[in-house]
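Subject: The structure, and what turned up in it

Hi,

Here is the structure I promised to pass on. Please open it alongside this email, and then read on for what was found.

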Amino acid sequence: MQQKKNIYFVGAGGIGMAALERYFKARGYNVGGYDRTPTDLTRALENEGIAITYDDSAEAIPESFRNPADTLVVYTPAVPDSHPGLAWFRANGFEVVKRAAVLGLVTRHSKALCFSGTHGKTTTSSMAAHLLHSSPCGCNAFLGGVLRNYNTNFLLNDASPYSVVEADEYDRSFHHLSPFVAVVTATDPDHLDIYGTEEAYLESFAHFTELIQPGGVLIKHTGLKLRERTDPSVKIYTYSRDEGDFHAENIRRGNGSITFDFVAPDGETIRNIELGVPVEINITNAIAALAAVWAAGELTPDVARSAMASFMGPKRRFEFWLKQPQGPVVIDDYAHHPDELSNSIDSVRALFPDRRLTVAFQPHLYSRTRDFAPQFAEALSKADEVILLDIYPAREEPIPGVTSEIIFNSVTSPVKRLIKKSELTDILQQTPFDVLLTVGAGDICNYLPEIVENARSRS
């Protein structure tokens, strides 16, 4: 990196890529990149001085990034090898590396708290970043969601020895990391388009544990199938809501709040921790975050209480768009795995037990829909009404015979609809809802402003 002064990101609009762009821009590098279409995030990056083009041709690459001697090219696996700009860089002798490899360099030069798992890693890593940021030591953070406390997915602190990293298992990206503290939240099979089998998926997590620095710490949820392969000097702890080395006691729910006592393995108990985002799954998420900061030796009772109470959560993670005691409620969640979807629906039920729940779900990826259609249908069937959108393809081409209908046919809710996403706002306007949960990792969130405006107008 010493001889490089320019860094060009192919797939610059990805949330994880954006954090690295901001990191290197803050350190004085000339940063630019390509993405397919403008978004709020790419426009924000441009306003921060990062040059982004939306033309994928080699000719569109700015002159300042066309010298292989002083330019590093970083790409995300979501960009195909056939991308003309990426192909030009490779053909002309540039150093071209995956985003994960660059993030790995950051973790090797810091005490990295790395949060992995099928689900929960964005929220737990965000909580840990907020905890450290609220403490005297601070942190650098590279997160998979925009923190509502800071309106960014990236935190910078040149004086801090800590980095907080969301460790993504997609394409085995987390194998580039070097954790000081590693957290594994869940190992339910996912990304089977990459791994093929559950055994291969579990093996990738086992390898991840091998990367923990000597003298480091592994914190894993109880009951996982994970067979860790850590260095003998690595300390291993378990956690969950109700049991394990780290757990919660004296959980109190009421008046829209959740409070609990945090129990650590040394017998220390931090009492009266109140959740800023009071949903059931966040008890477990908070335990993981608190445990990681405890393992780093930076957790104090005052910071634990104040930071958890002020934590607003990442955008699109159980985010309230409209909350009225007697009127419509709208919640958005990024859940795209069956277990995440089930937990999200359960959380809404716990908050609003006596109200009618409508779930609008946009499946993400043809391969994931194919692999988990029965589980998605089972989770959705917990709702009073289901509105199922067409599949958001993201990086994938269609798979013959795989449509949202293979989920829809097995949903047992009393009311269910199979629609195109363009029909969503009209249907919700014609059929008033009580509590609406929109779910999915695609672009269903783009319809929320109109949905909320329509809901307000009738309440």
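Which residues does Ser204 touch, not counting residues up to four places away in sequence? They are Phe174, His175 and Tyr195, where a contact means heavy atoms within 4.5 Å.

Before the rest, a word on how to read this. The model is predicted, so local features need pLDDT of at least 70 and side-chain atom pairs count only at pLDDT 80 or more, while totals for chains, interfaces and linings use all residues. Residues are numbered from 1 along each chain as its sequence is written, and side-chain values use heavy atoms, with hydrogens and water left out.

Back to Ser204: this residue is found in helix H7 (residues 198-210). Helices (H or I, at least four residues) and strands (E, at least two) are DSSP runs, numbered from the N terminus. Ser204 has 3% relative accessibility and so counts as buried; the cut-offs are under 20% relative accessible area for buried, over 50% for exposed and partly exposed in between, with a 1.4 Å probe and protein chains only.

Two strands count as paired if DSSP finds at least two bridges between them. Axes are lines fitted to C-alpha atoms, for helices over the stretch in contact, and angles run from 0 to 180 degrees between N-to-C directions.

Within this sheet, strand E1 (residues 6-10) and strand E2 (residues 30-34) are joined in the parallel sense by 5 bridges. If you want to find one of them, look at Phe9, whose bridge partner in E2 is Gly33.

**Two helix pairs**

Helix H1 (residues 15-26) packs against helix H2 (residues 40-47) at an angle of about 5°, with the axes 11 Å apart. The two are therefore roughly parallel to each other; angles under 35 degrees count as roughly parallel, over 145 as roughly antiparallel, 65 to 115 as roughly perpendicular and the rest as oblique. On the H1 side the contact is made by Ile15, Ala18, Glu21 and Arg22, and on the H2 side by Leu41, Ala44 and Leu45. By class, these are 5 nonpolar, no polar and 2 charged residues. Here Ala, Val, Leu, Ile, Met, Phe, Trp, Tyr, Cys and Pro count as nonpolar, Asp, Glu, Lys and Arg as charged, and the others, Gly among them, as polar.

Helix H5 (residues 121-133) and helix H8 (residues 281-295) pack at an angle of about 50°, their axes 8 Å apart. That makes H5 oblique to H8. The residues that meet include Met127 and Leu131 in H5, and Ala286 and Leu290 in H8. The contact of H5 with H8 has 9 nonpolar, 4 polar and no charged residues.

**Strand E7 and its partners**

Is strand E7 (residues 140-147) buried or exposed? 8 of the 8 residues of E7 are buried, so the strand is largely enclosed by the rest of the structure. E7 runs parallel to strand E9 (residues 162-166), joined by 3 bridges, and Phe142 has Val165 in E9 as its bridge partner. With strand E8 (residues 152-155), E7 pairs in the antiparallel sense over 3 bridges, and Leu147 stands opposite Thr152 in E8. E7 and E8 form a hairpin with 4 residues between them, and Asn151 in the turn has a positive phi of about 55°.

Most residues other than glycine have a negative phi. Asn272, in strand E15 (residues 269-274), has a positive phi near 60°, and is partly exposed with a relative accessible area of 44%. Leu365 has a positive phi near 85° and is found in the loop between E18 and helix H11 (366-380). Leu365 is buried, with a relative accessible area of 1%.

Happy browsing, and do write back with any questions!

Best wishes
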